[in-house]
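User: I have a structure open and some questions about it. Can we go through it piece by piece?

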Amino acid sequence: MRSASGDAKQDICVIVPTIREYECIRSYVENAEEHGFDTDRLYFLLVTEDFCETDAMAEMLSDLGVSGAVFDGSRRESWYEEQGIEAYGHVVPAASHAETSFGLLYMWENPQFEYGIFIDDDTLPHDDADFFGQHMENLSYGGEIESVSSDEQWVNVLYQNADEHGLYPRGYPYSAMDETVDRSTTKIERGEIVASQGLWTNVPDLDAVRILMDGDLEGQAQTRTEATDFGDDFVAEEGNYLTVCSMNLAFRREVIPAFYQMPMDDNEWSVGRFDDIWSGVFLKRACDLLDKQIYNGQPLCEHNKAPRSTFDDLHNEVAGLELNEHVWELIDDAGTDAETYVEAYRAMAEALLDADADAYRNGEFLPYCGEHMHDWLDALDELARVPAAADD
């Protein structure tokens with residue numbers, strides 16, 4: 001739906017990392033129109049590669065009548081130079097899902113974007129749900145909501161039917177499994193919700209080890225999820241962590257300093273596949289420090305992960321498996337005096353720089369991340385000094 005006046009505020013940046021399945025955007029635009037969501041509010045930022053069909057992507061946005069831009073690697077490099085932050089181009093890794101960090105930089109340079117939404121290109125919205133509208137409602141929610149905790153300090157976002165399917169999502173520590181779940185009710189004030197994580201039907205978001213244990217060699221899962229596997233929406237209690245998957249995620253602009261998507265894949269240790277997981281761990285710590293919340297549940301998306309070798313995913317994950325078991329412990333007491341996202345994030349960066357790298361396999365990746373976290377904040381500081389203008 002278009003606004004009647006044609007002058008609606010364009011306040012939502014939809015960030016889509018894509019190589020080949022960019023046509024999914026048609027379904028999201030159709031969903032918005034069918035549910036009466038004002039598409040003039042949406043700006044689609046496609047983050048892709050030089051070898052991809054960038055012209056066809058731009059033509060699709062034009063055909064749909066929505067605003068947006070397509071940034072391949074070359075155009076990203078030019079953008080860094082135009083903004084005077086070419087010295088910080090390394091914070092966004094090459095050929096990695098973590099290139100979504102470029103979308104965060106773009107949002108920061110364009111302050112009209114009050115909200116961001118991450119969408120993976122192998123997802124589709126559910127026809128019966130107002131995808132964008134539900135995320136916006138979640139971010140403005142005030143009232144009672146289920147609050148979940150466990151004796152392991154971790155909440156399984158798939159806990160609601162775990163007795164039946166037995167699933168734990170990608171990034172959930174193995175040492176935190178078999179937890180005892182406690183459910184209660186808490187009161188949320190408007191403005192406390194800073195991120196809205198929609199969950200997924202069809203192919204669950206699992207890591208390679210769990211996919212292999214589920215008997216699937218094609219990178220998917222034999223066990224699938226349905227809408228009935230999900231109950232009431234919920235938050236994780238203070239002091240508890242949860243996996244944050246960026247395939248279906250909305251957030252407020254304010255969290256960007258503490259929401260850097262970690263520099264995976266393009267590093268000498270070959271650590272990959274934990275970019276959104278670790279960024280979610282750090283965001284949850286910042287939320288606990290600042291009395292904010294991450295909302296979980298609706299709107300669901302349909303995750304149609306294409307078949308691929310489970311062993312390829314395992315190869316990409318194994319270098320960071322031990323670190324993933326401990327990284328949350330290293331930042332669990334960081335930033336106790338923090339009053340801003342920047343202060344909280346700098347404290348967590350320092351915690352990684354101070355970690356005993358010799359204690360873990362590929363432990364040197366921890367200070368590498370800490371350095372990049374500092375560079376991330378410095379890059380945002382540089383961008384804040386640049387006059388902004390969205391790129392149509």
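User: Helix H5, residues 131–139: mostly covered or mostly open?
Analyst: Mostly covered. This is a predicted model, and in it 7 of the 9 residues of H5 are buried.

User: Which residues of H5 are buried?
Analyst: They are Phe131, Phe132, Gly133, His135, Met136, Asn138 and Leu139.

User: What is phenylalanine 282 in contact with, leaving aside neighbours within four places in sequence?
Analyst: Its contacts are Ala258, Met262, Val327, Ile331, Tyr345, Met348, Leu352 and Met373.

User: Back to H12. What does tyrosine 368 touch?
Analyst: Tyrosine 368 is in helix H12. Not counting residues up to four places away in sequence, tyrosine 368 touches Pro263, Asp266, Asn267 and Trp269.

User: And how far is tyrosine 368 from aspartate 130?
Analyst: Their C-alpha atoms are separated by 40 Å. Along the chain, the two residues are 238 apart.

User: Let's zoom out. What does the secondary structure come to?
Analyst: The protein has 12 helices and 13 strands. Its C-alpha atoms fill a box of roughly 55 × 45 × 45 Å along the principal axes.

User: How does the radius of gyration of the protein sit with a compact globule?
Analyst: It agrees with one, because a compact globule of 392 residues would have a radius of gyration near 21 Å and the protein has 20 Å.

User: What percentage of the residues is buried?
Analyst: Buried residues make up 59% of the 392. The accessible surface is about 15,300 Å², and 43% of that belongs to carbon and sulfur atoms.

User: What about contacts across the sequence: what share join residues at least 24 apart?
Analyst: The share is 82%, counted among contacts between residues at least 6 apart in sequence.

User: How many positive and negative side chains are there?
Analyst: There are 24 positive and 84 negative side chains. The centres of the two sets lie 3 Å apart.

User: Why does glutamate 49 count as buried?
Analyst: Its relative accessibility is 13%, and buried means under 20%. Leaving aside neighbours within four places in sequence, glutamate 49 is in contact with Thr54, Asp72, Gly73, Arg76, Ala95 and Glu99.

User: New topic, the backbone. What kind of peptide bond joins glutamine 298 and proline 299?
Analyst: A cis peptide bond, with omega about 0°. Proline 299 is in strand S13, residues 293–303. For background, most peptide bonds are trans, and most residues other than glycine have a negative phi.

User: On phi, then: what is the value for asparagine 202?
Analyst: Phi of asparagine 202 is near 70°, which is positive, and the residue is not a glycine. Asparagine 202 lies in strand S9, residues 193–202. Its relative accessible area is 23%, so asparagine 202 is partly exposed.

User: And aspartate 265, where is that?
Analyst: Aspartate 265 is in the loop between strand S12 (248–252) and helix H8 (275–290). Its phi is positive too, about 70°. At 31% relative accessibility, aspartate 265 counts as partly exposed.

Methods. Residues are numbered from 1 along each chain as its sequence is written. This is a predicted model: local features need pLDDT of at least 70, side-chain atom pairs count only at pLDDT 80 or more; totals for chains, interfaces and linings use all residues. Side-chain values use heavy atoms; hydrogens and water are left out. Helices (H or I, at least four residues) and strands (E, at least two) are DSSP runs, numbered from the N terminus. The radius of gyration is taken over C-alpha atoms; the globule rule is 2.2 Å times the number of residues to the power 0.38. Buried means under 20% relative accessible area, exposed over 50%, partly exposed in between (1.4 Å probe, protein chains only). Contact means heavy atoms within 4.5 Å. Accessible areas come from the Shrake-Rupley method with a 1.4 Å probe; for residues, only the protein chains shown count as cover. Lys and Arg count as positive and Asp and Glu as negative; His and the chain ends are not counted. The place of a charge is taken as NZ of Lys, CZ of Arg, CG of Asp or CD of Glu.
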